[in-house]
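Subject: Structure handover

Hi,

My notes on it follow below.

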Amino acid sequence: MSFRRYLLVLATSISTVLVQGQTWCGKNYMANQTVVPPGGQFVLPPQSNDSLLAFRCAPGFRPYLEEDAKTAVFVVDTRIVYDWINGASPISLPGNNTKSASQSPSDAGNITVTIKVGDVHTTQSVPLGVTGYQVPLDISKLIAQKTPYHVDCMASYRTPSSKTQKYFANASLLYFPNSTSSVTKTDLRTGSLWVRPVNNSSSGFRPFIPQGFYVSFDQYLAKNLSLIDQLKADGFNTIHPIPPYDNATLFEQVINRTIELGLYIIFDMRSNYQNLSAVADLVNTYKDLPNLLTWETAHEPDGNSDPLNAAKLAYDLIYQMDGYHPISIVLNCEDYNFSPYVEGADIVLEDAYPIGINATYSPVWDTPCTPDFGHCGCDNCKGGLIDIKARVQTYKDRLDILGYDRTKTVWTTPQAFGSGAYWDTTPTGQQWAAIGLISFNHGAMGSMSYQYPTTTGNVTTIEGTATNLTAIITESIQPFLVDPRATFSVYSYQGVDAGLWNNGTMYLLLVANTGDNEVIVPWSAVGLGKITNATAQVNRIFSVLQKFNASSLTFFADGIGIYTVTL
């Protein structure tokens, strides 16, 4: 099927699905419907004028295996915040204790932290105001089991003028028996995954940033296995077959080919996840696949208004039966019942598709789009790259507010389609790349584009861009994203989005212009004001419609760049 024919099928399928539903993201959208506020909005926490301690702890990895027991660590966060996020408690600091005080938390000394798992425990002094502080804890005296261990974390802090202040947090430790089948660990220090090579389960685990595509099983994979080879040739490392998987024989052929090529696979239960008997059968059948990366259950449950507890019920059952692989869901709405749906996931994918939409009027339904009504293909979007920045960052912020900043992470779903239904154009290769870079800047730890096949040809197309970009992400970007020692800052300057990582010896800079105007960005505006000799200090890895000189970076519309910098 040609790409253009595929777009027509996509437009028809979207319209068909929506006709079956009464709302999308809780909103009415058809001409014969009235405006009814959807509800389900995320409630931001109230602010505090006084200092609050957000004391949190988590195992370094989920799960730990028996082979990891001697080197296990727990991650402790002792942030001082001024919002009543989950678990935040008042803390009396030396001197001025208000938000306007100039005192840094690092001046406030240490806090004593005790971590206890059954009869195993440790106590350590941890600086106040830090994130990602690692506390070693030998867990080899525990019995490796499929039942989670409860973890108690306690902290005490005292100033010369205050009584001892005590704080409590808890966590769950998964400490599993070793397995020769596939295991996907989540590094809770960074949010990245760790895997073993598909065809070598005896090899060690390594950090992994998924890069892949959704591909329809019945429309494409069942008819043409060579698409899998092409994805591999393009540099992708993961494939997400879209169900239904009705032909078991052909689906087995798809699985076998992905194994031969060393690709990881995401198993999608969107059609079955509300049927727990079906979920149990699928988990039993596929949990030992040598290349199983993750399970995916609910696909756009917020758009479809699926039962709020459905994803969590499936999540709990899958962990009872497996636990060696994380679970993802995909959310489509900007703000509709976020909190209950993410209860059922370790990984939350956003799938905002803003390129080519009319953000205020739906060409499909011939109705306006507002925060309370309508469906324009990208919920509450403006219609550009700025929507990706907003969506990924908003999801990350909400997970932090809910207390899940360590235990749940965000992936992105770059738009790789268009020219039909709500979208009057398909993203260029450059725009597709920008979606990925912006997502990394705001905390995404995986990228699964929707969907394949996509535009192909020269470097202006998505597939033409991917052949270069996938290797760059693996070789140059991934080492910074997965490094728990790396520091990170995000910058915004006149529409240019920038992420800056520092691993102690080198900086990584990812930049993308989210606007249509030419912008000149001083190095200082992206945290690199100490550059004195750009020719010697700045290494261009990849850029399009973007250049630099000794004093600044210049961006044209949709310009993007990837650089390493030494200072």
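Start with Phe267: it is buried, at a relative accessible area of 2%. Buried means under 20% relative accessible area, exposed means over 50%, and partly exposed lies in between (1.4 Å probe, protein chains only). Trp295 is buried too, at 0%.

Before the rest, two notes on the source. This is a predicted model: local features need pLDDT of at least 70, side-chain atom pairs count only at pLDDT 80 or more, and totals for chains, interfaces and linings use all residues. Residues are numbered from 1 along each chain as its sequence is written, and side-chain values use heavy atoms, with hydrogens and water left out.

Aromatic pairs

Rings of Phe, Tyr and Trp (its six-membered ring) pair if their centres lie within 6.5 Å; planes under 30 degrees apart count as stacked, over 60 as edge-to-face and the rest as tilted. Searching the whole structure gives 28 aromatic pairs. One of them is Tyr29 with Trp365, a tilted pair at 5.0 Å centre to centre and 50 degrees between the planes. Tyr29 sits in the loop between α1 (3–20) and β1 (47–59), and Trp365 in the loop between β21 (361–362) and β22 (367–368), so this pair ties together parts 336 residues apart in sequence. Helices (H or I, at least four residues) and strands (E, at least two) are DSSP runs, numbered from the N terminus. Tyr29 is buried at 0% relative accessible area. Trp365 also counts as buried, at 13%.

Now back to Phe267 and Trp295: their ring centres are 5.7 Å apart and the planes stand at 75 degrees, so the pair is edge-to-face. Phe267 belongs to strand β17 (residues 264–268) and Trp295 to strand β18 (residues 292–299), 28 residues apart.

There is also an aromatic cluster, formed by Tyr214, Tyr353, Phe417, Tyr422, Trp423 and Tyr450.

Charges over rings

A charge sits over a ring if NZ of Lys or CZ of Arg is within 6 Å of the ring centre and within 35 degrees of the ring normal. Lys146 lies over the face of Phe176, 5.5 Å from the ring centre. Lys185 lies over the face of Phe61, at 5.9 Å.

Sheets

Lys185 also stands opposite Trp194 in β13. Strands β12 (residues 185–187) and β13 (residues 193–195) pair antiparallel over two bridges; two strands pair if DSSP finds at least two bridges between them. They belong to an open, antiparallel sheet of four strands, ordered β2-β12-β13-β14. Its edge strands are β2 (61–62) and β14 (206–208), each pairing on one side only.

A further open sheet of four strands runs β5-β1-β4-β8, again with antiparallel pairing. β5 (89–90) and β8 (133–136) are at the edges with a single partner strand each, so one side of each has no neighbour in the sheet. Inside it, nine bridges join β1 to β4 (residues 73–83). Gln47 stands opposite Asp83 in β4.

Helix α11

In α11, 14 of the 20 residues are buried, so the helix is largely enclosed by the rest of the structure.

Best wishes
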